[in-house]
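Grab a viewer and work through these exercises with the structure open. Each one sets a task and then walks through a solution.

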Amino acid sequence: MSESFTLTIDGVEVTAQPGQSILQAADAAGVYIPRLCAHPELEAFGACRVCTVKVNGRPQAACTTPATKGMIVENDTPELNEHRRSLIEMLFVEGNHFCMFCERSGNCELQALAYRLGIDAPRHDYQYPARTLDGSHPEVFIDRNRCILCGRCVRASRDVDGKHVFDFVGRGKGKRIWIDAESRLADTPLEGEDKAVEVCPVGAILRKGAAYAAPIGRRLYDHDPIGADIEAKRVGAPAAKGGKS
Amino acid sequence: MSELATGVREICDRSGGDRARMMDIVQEVQARFGCVSGEALNLIAAATGVHRVEVEGVVSFYTFLSGRPKGRMVIRVCDDIVDEMSGMRPVAEAFSQELGIPFGGTTPDGQFSLEYTACIGLSDQAPAALINDVPVTYLSSDKAREIVAALRRHGDPRKLVHRLGDGNNAHPLVRSMVHNSIRSKGPIVFAPFEDGSALRKAIAMSPVEVIRDIKTSRLRGRGGAGFPTGMKWEFVRAAEGEPKYVFCNADEGEPGTFKDRVILTEYSGLLFEGMTIAGYAMGAQLGILYLRGEYAYLRLLLEHFLDERRRRGLLGRNILGRAGFDFDIRIQMGAGAYVCGEETSLISSCEGRRGDPKNRPPFPAQRGYLGKPTAVNNVETFCCVARILDQSPGWFAQIGSRQSAGTKLFSVSGDVASPGVYEYPFGVRLRQVLEEVGAESPIAVQIGGPSGQMVGPADFDRTICYDDLATGGSMIVFGPERDPVYIAKRFLDFFAHESCGYCTPCRVGTELMRKKLAAILDGRGEADDLPYLEDLARTVKFTSRCGLGQTAPNPVLSTLKNFRDAFERRCPARQEGRRAAFDLAAATAEAESIVLEQAAR
Ligand SMILES: Cc1cc2nc3c(=O)[nH]c(=O)nc-3n(C[C@H](O)[C@H](O)[C@H](O)COP(=O)(O)O)c2cc1C
Ligand code: SF4
Ligand code: FES
């Protein structure tokens, strides 16, 4: 294996391995870079742009940009967090997200990120799109109102499950997550245990009969903000109370 | 087997069941069966070994492809701002009335569909439309009515062409009413050229020497980004991986740009020669010309000239008798997607996928088409290459300005006396161009199309070159009665429509900007909207994944900067915490009347 090298993120020197993206190097070093479409078990995608950092002064997506020796990365700055808030607000207004009665509330990465970045109400106008729901499958349902087009299910089904149940159709604001069948999820080879179901960061693809399993207070992000598990790995960091385990 | 099944099988077999030829397959299926139906999706998926949803993803991406049946004749009215300024609205109205359908509709007899489409590269002869592949120009509402009547009679769009255009527009393989409108010729592109002359000089040198010549000439890309061509070729040549590919970007989708149309019509020899030289220099054997769907009417002509070159030993095996120098060119048709002009989207499209841009790195020079090193260059860039080899790099480098060598074609349209294509040396002053094209007291000029910048009279003494006013060639002139806010809104309509939708900022942000501008035009603007729009535009520019989203906010930012009054007038400060446009009396009238009614009882 070739040799590790260092780069700096927000002034702190971080060690990286060849082949790592900035995001992976940061994760390993216990530095949290906000992200939504990235997932540790899936190929980088570069769609949500929440992980945008400045690399030597220029904007780059941390998940798709390889870490290189001596790189100067800015991450946790007021300017970047302002852009991130705007992006997350865009995702909220683009779909139909009603956290108060969503089964994913408390375990939702979009919601958790909004809390972490201190969003209370979006500045953007709500778009109220017309989107469809598919409850035809015995184990899984898909609610496109909550989809943020992160493509995790597409990659998981294709690369992990080996099925290619999901993909995108349409363009621009008409882009939708779609399925490898005429219209019913039940007509695809999807199974409840598929990786594609597990990786959805929001409440768009959910297993039936599993809603509200954890009471308020014991949900994923009830005590520690999203990213706390990564930050706990930082040398000298105070131990996180709960977080993702 | 059904007719559809046999037909799809035949079409897929002809492409060897190769998924990379998906664009050809779906376009052929549509041409033959009117659309790519659900059943066709299944059949194509089975024949090419891909998933149905992937085929559906492709079909639903491109404007010219459809999953539902359309009319036998599809009338696509160009809804570009220049067409609108030239009287497109009454034309559209006439089409709609005469056909008895709204835009987006199809006549009950299945004969006609009526749609709007983004700039079709005919802003110099606006208003214009495409009827299937046939361009119709200089439309008026009377002409629109005549066209519908004639099509009802004979049902053949090609029979609408009575007077042929100039030059190759009148060629038997084109027979189009389009005009070249070449207004001024320069020494590089619009100059006589003898096929083979540059190529002969190229193969007298080593490939490395050819690249050195391109570097010495200081040629930079003409497609907009201005990347040094010699350097790009050096990267591709040095990159690991075989085979290597040469791509010509003839997607020309930037509204108000049409100079590549003229090159393709009249100077394809120069272009093909440049591509062949590129093949020699980089050791590539295949070149692909990605031709936008709107220019399908030029396809047979281009195929004919390619055949001609093959016959004359300028393409194919052992070119010009040089053993082992093999290079050929094939045409890949686009299907109505501006984003496919972005080089990595263009590659995705050629691979038979949705026209999504790819993540960079790796860059196309390292890993492009099918994962192999690929050089993508603009039509005009290849023409410059051929001329550099034919003349000399020194000759080329002394034309133009210090940082920007050579000439540039400008596509000039809008409020001018002589719209058309002009070849100017780089470094020319905008004021001089405006005078020569007959722009009368312009208030604004859009340089480089919507993705460029909107400048006002204060900038008219600036020069056009890479380090002052950079441009891919579009120049839209706006006269005194035009409204910068409205123009910005129309450009954002375009970007929102053309966003591929892959990344959040561009997919959502262009739509938000568009709607905010619409609200301001509608009298619902307020002072807070301006800083809001600026913040939003900056986020979209800063965080977008490709050049489309990174430049889509430019109309907003540059009009806010250069024409701020036009916004401020419409965005008054709040009064007593309320929007100026908010009519308190009207909003509470109903409630008050109820109260009064109750009180009166
Ligand atoms: C949205 C978008 C559309 C583009 N459209 C075109 C086009 O139609 N023609 C073109 O040559 N370049 C276009 N480009 C630029 C290409 O990505 C690329 O830079 C160019 O083809 C390289 O050729 P050049 O170096 O010869 O200019 C576009 C870029 C973007 C971001
Ligand atoms: S900026 Fe993003 S959404 Fe827009 S065209 Fe590029 S990748 Fe697609
Ligand atoms: S996490 Fe990098 S773009 Fe989504």
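**Exercise 1: ligand 1**

An oxygen atom of ligand 1 sits 2.9 Å from a polar backbone atom of B:Glu252. Keep in mind that this is a predicted model.

Task: starting from that pair, find which side chains also place a polar atom by an oxygen of ligand 1, then work out what makes up the shell.

Solution: 

- Step 1. Go to B:Asn249, where a polar side-chain atom is 3.0 Å from an oxygen atom of ligand 1.
- Step 2. Now try B:Lys232: here the distance from a polar side-chain atom to a ligand 1 oxygen is 3.2 Å. With a cut-off of 3.5 Å for N or O pairs, such distances count as polar contacts.
- Step 3. Check the cover. On its own, ligand 1 exposes 600 Å², and the protein buries 89% of that.
- Step 4. Ask which elements give two or more residues to this shell: they are strand 9 (374-378) and helix 21 (547-551) of chain B. Strand 9 of chain B has the largest share, three residues.
- Step 5. List the neighbours. Ligand 1 has 18 residues around it, with B:Gly223, B:Glu252, B:Asn377, B:Asn378 and B:Thr381 the closest.
- Step 6. Sort the shell by type, and you get nine polar, six charged and three nonpolar residues.

**Exercise 2: ligand 2**

Task: say which residues come nearest to ligand 2, and how the shell divides by type.

Solution: 

- Step 1. There are 13 residues around ligand 2, and those coming nearest are B:Cys500, B:Cys503, B:Cys506, B:Cys546 and B:Gly549.
- Step 2. Sorting this shell gives eight nonpolar residues, four polar and one charged. Watch the bookkeeping: Cys counts as nonpolar and Gly as polar in this scheme.

**Exercise 3: a helix pair in chain B**

Task: describe how helix 2 and helix 3 of chain B pack.

Solution: 

- Step 1. Two numbers describe a packed pair of helices: the angle between the axes and the distance between them.
- Step 2. For helix 2 (residues 22-33) and helix 3 (residues 38-48) of chain B, the angle is about 145 degrees and the axes are 12 Å apart.
- Step 3. Pick out the contacts. From helix 2 of chain B come B:Met22, B:Ile25, B:Val26 and B:Val29, which meet B:Ala40, B:Ile44 and B:Thr48 of helix 3 of chain B.
- Step 4. By type, that contact has six nonpolar residues, one polar and no charged.

Notes
Residues are numbered from 1 along each chain as its sequence is written. Chains are lettered from A and ligands numbered from 1 in the order in which they are written. This is a predicted model: local features need pLDDT of at least 70, side-chain atom pairs count only at pLDDT 80 or more; totals for chains, interfaces and linings use all residues. Side-chain values use heavy atoms; hydrogens and water are left out. A residue is near a molecule or strand if one of its heavy atoms lies within 4 Å of it. A polar contact is a pair of N or O atoms within 3.5 Å; within protein, one must be able to donate a hydrogen and the other to accept it, and residues adjacent in sequence count only if both atoms are side-chain atoms. Accessible areas come from the Shrake-Rupley method with a 1.4 Å probe; for residues, only the protein chains shown count as cover. Helices (H or I, at least four residues) and strands (E, at least two) are DSSP runs, numbered from the N terminus. Axes are lines fitted to C-alpha atoms, for helices over the stretch in contact, and angles run from 0 to 180 degrees between N-to-C directions. Contact means heavy atoms within 4.5 Å.
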